[in-house]
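Subject: Handing over the model

Hi,

Here is the structure I promised to pass on.

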Amino acid sequence: MIGRHHIRVSNQKVQFSFELVRNITVIRGDSATGKTTLIGLLSDFEALGRQSGVSVKCDKPCRVLTEIDWMLRLENIRDSIVFIDEGNRFIRSVEFARAVRESDNYYVLITRENLHNLPYSVEEIYEMYPYRHSMKLGRVYNGTRRFYSDMPSTSFNITNTDILITEDSNSGHEFFLHVAEANGIHCISAHGKSRIFETLGSIDQRVIVIADGAAFGCEIDRIHKLQATNPGRITLYLPESFEWLILKSDILRMQDIREILEAPENRIDSSVYFSWEQYFTELLSDRTEDTYMQYTKAHLAPFYLQNENVRRILEEIGL
């Protein structure tokens, strides 16, 4: 499945209206905020159709998956939007993550847990809120509705920090190590998103964390809480990925890439790419193959460390 999909679910008492743009969307929030009501309406419509008194308007089928025979049922669901309510333990399993990766569905997961087996974006974590007699979704960590007052940063000031922490030790780390050395600060790798929290716990200096926002959803909650207990010490910069950052900086000067980045959801097939980071890596690698700009995860070509290109990438960050 690709593209944006608008969903409106309603009965005589309540209406839910929201839009999905990625294969995994997480809805969080306290009890009594409408999440279970949404699942109930969708279940009623799936069982009884119009006789349920529920209206579901969407260009794709909307299905509800429960604990009972979930794997067998999911094998028969194609090109649909699958809703799963909190309390279904299987959403934490490796088997479910594998099923999501191998399917062409979009998934809406209602849960307050952090799902470490799934690469979901920090931008696709939502809460429900009332808006003009209907229920909408607003981003928890980034976007239209701010659940927390101290949001993760979308830009940073490198002159006001002591250490850069990168998610991995590959090309992205190589680039930011180059930038850090030019500014007289340290740059270290956490060697994976799951180790960023541990790395932060051993540092008491001012830190900028740079990680792939496209798959960082399961880590953002505990790092945000650490931010709150260390005001002013931890800054987050969460682009889609380092490859997205390069593409967005336009140093390749390819017009069609600019157009792709305006609406990547129209190109990223959920049956092929588990997360958007995979798509941007493939796009950058394919477009630079067998050229002096050739991009690989393992090592950064000199082209990307040229002064003008570094400047343009940092401008995209906001530096």
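This is a predicted model: local features need pLDDT of at least 70, side-chain atom pairs count only at pLDDT 80 or more; totals for chains, interfaces and linings use all residues.

Let's start with Thr161, whose side chain reaches the backbone oxygen of Ile163 at 3.5 Å.

Residues are numbered from 1 along each chain as its sequence is written, and side-chain values use heavy atoms, with hydrogens and water left out.

Back to Thr161: you'll find it in the loop between β9 (134-139) and β10 (163-166). (Helices, H or I and at least four residues, and strands, E and at least two, are DSSP runs numbered from the N terminus.) Thr161 counts as buried because its relative accessibility is 5%; buried means under 20% relative accessible area, exposed over 50%, and partly exposed in between, with a 1.4 Å probe and protein chains only. Leaving aside residues up to four places away in sequence, Thr161 touches Ile185, Arg206, Val207 and Ile208, where contact means heavy atoms within 4.5 Å.

Next, the salt bridges. A salt bridge here is a side-chain nitrogen of Lys or Arg within 4 Å of a carboxyl oxygen of Asp or Glu, and a search of the whole structure finds 22 of them.

- Glu240 pairs with Arg22, with the closest N and O atoms 2.5 Å apart. Glu240 sits in the loop between β13 (234-237) and α7, and Arg22 in the loop between β2 (15-20) and β3 (24-28), so the pair ties together parts that are 218 residues apart in sequence. Both Glu240 and Arg22 are buried.
- Glu46 and Arg63 meet at 2.8 Å, N to O. Glu46 is in helix α1 (residues 35-48) and Arg63 in strand β5, so this bridge ties together parts 17 residues apart in sequence. Glu46 is partly exposed at 32% relative accessibility, and Arg63 is partly exposed at 26%.
- Glu243 and Lys297 meet at 3.0 Å, N to O. They link distant parts of the chain, with Glu243 in helix α7 and Lys297 in the loop between α9 (276-288) and α10, 54 residues apart. Glu243 is buried, with a relative accessible area of 1%, whereas Lys297 is partly exposed at 29%.

Salt bridges that share partners also join Arg22, Glu123, Glu124 and Glu240 into one network.

What about Asp212, which is buried yet has no salt bridge: how far away is the nearest side chain of opposite charge? That side chain is Lys297, 4.7 Å away. (Lys and Arg count as positive and Asp and Glu as negative; His and the chain ends are not counted.) Asp212 is in the loop between β12 (207-210) and α6 (217-229). A polar atom of its side chain lies 3.5 Å from the backbone nitrogen of Phe242. Residues that Asp212 touches include Glu167, Pro239 and Glu277, not counting those up to four places away in sequence.

Now for helix packing around α10. Helix α4 (residues 171-182) and helix α10 (residues 307-317) pack at about 95 degrees, with their axes 12 Å apart. That makes α4 roughly perpendicular to α10. Phe175, Phe176, His178 and Val179 of α4 make the contact with Val310, Ile313, Leu314 and Ile317 of α10. Helix α7 (residues 242-249) meets α10 too: their axes come within 9 Å and cross at roughly 105 degrees, and α7 and α10 are therefore roughly perpendicular to each other. Here Leu245, Ile246, Lys248 and Ser249 in α7 meet Arg312, Ile313, Glu316 and Ile317 in α10. (Axes are lines fitted to C-alpha atoms, for helices over the stretch in contact, and angles run from 0 to 180 degrees between N-to-C directions. Angles under 35 degrees count as roughly parallel, over 145 as roughly antiparallel, 65 to 115 as roughly perpendicular and the rest as oblique.)

Cheers

Definitions and conventions: A polar contact is a pair of N or O atoms within 3.5 Å; within protein, one must be able to donate a hydrogen and the other to accept it, and residues adjacent in sequence count only if both atoms are side-chain atoms.
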